[in-house]
Amino acid sequence: MTMLPAVTVSSSTSLLPSVLPAAVAPRRRALYLVGEAERSAPKPVAEAGRTMISINGRWTALRGSTVSYAQLLRIAYPDREGQSPGSATVSYRHALDSGLTGLLTPGDVVPLTEGLLVNVNATFAS
């Protein structure tokens with residue numbers, strides 16, 4: 001059986017600094033102030049008779065005076081054509097007019113205005 005040497009600790013020295021790692025200052029989060037124009041692609045010029053709207057950050061040119069919930073869902077998720085989503089949220093707002101905001105439910109329509117911003121979030125069950 002091996003005996004370990006006895007360690008004496010005086011009141012002026014401590015074992016804690018040599019045993020514990022040095023305290024690390026918490027990292028600060030980087031905060032960025034970014035406007036709407038910097039977050040999405042620049043708005044292209046629309047052809048005659050079409051209205052430019054942004055759907056999930058991508059600009060799309062549409063014809064007509066209104067757009068429906070189902071049309072926005074098809075444009076946002078073209079690879080899911082024919083599949084019905086388990087749940088979907090369609091929100092819209094106009095970049096300049098604060099009066100044009102809201103949520104769409106199946107069967108609802110919203111008037112097309114130049115610069116309309118639409119966010120479509122859908123969950124497709126497999």
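This is a predicted model: local features need pLDDT of at least 70, side-chain atom pairs count only at pLDDT 80 or more; totals for chains, interfaces and linings use all residues.

Start at Val-118, which you'll find in strand E7, spanning residues 116–123. Is Val-118 buried or exposed? Its relative accessibility comes out at 1%, and since anything under 20% is called buried, Val-118 counts as buried.

So who's around it? Skipping residues up to four places away in sequence, Val-118 touches Ser-54, Ile-55, Asn-56, Leu-72, Val-90, Ser-91 and Tyr-92. Take Tyr-92 from that list: along the chain it sits 26 residues from Val-118, yet the two C-alpha atoms are separated by 4.3 Å.

Now hop over to Ser-54, which belongs to strand E1 (residues 51–55). Ser-54 is buried too, because its relative accessible area is 4%, against a limit of 20%. With neighbours within four places in sequence left aside, Ser-54 is in contact with Trp-59, Leu-116, Leu-117 and Val-118.

Next, zoom out to the largest nonpolar core, which has 18 residues. Which of them touch the most other members? That would be Leu-72, Val-118 and Val-120. At least two residues of this core come from each of E1, helix H3 (69–76), strand E4 (87–94) and E7.

Finish at Leu-72. Beyond its neighbours within four places in sequence, Leu-72 is in contact with Ile-53, Ile-55, Val-67, Val-90, Leu-104, Val-118 and Val-120. That brings you back to Val-118, where the walk began.

Terms used: Residues are numbered from 1 along each chain as its sequence is written. Side-chain values use heavy atoms; hydrogens and water are left out. Helices (H or I, at least four residues) and strands (E, at least two) are DSSP runs, numbered from the N terminus. Buried means under 20% relative accessible area, exposed over 50%, partly exposed in between (1.4 Å probe, protein chains only). Contact means heavy atoms within 4.5 Å. A nonpolar core is a set of buried Ala, Val, Leu, Ile, Met, Phe, Trp, Tyr and Cys residues joined through side-chain atoms within 4.5 Å.
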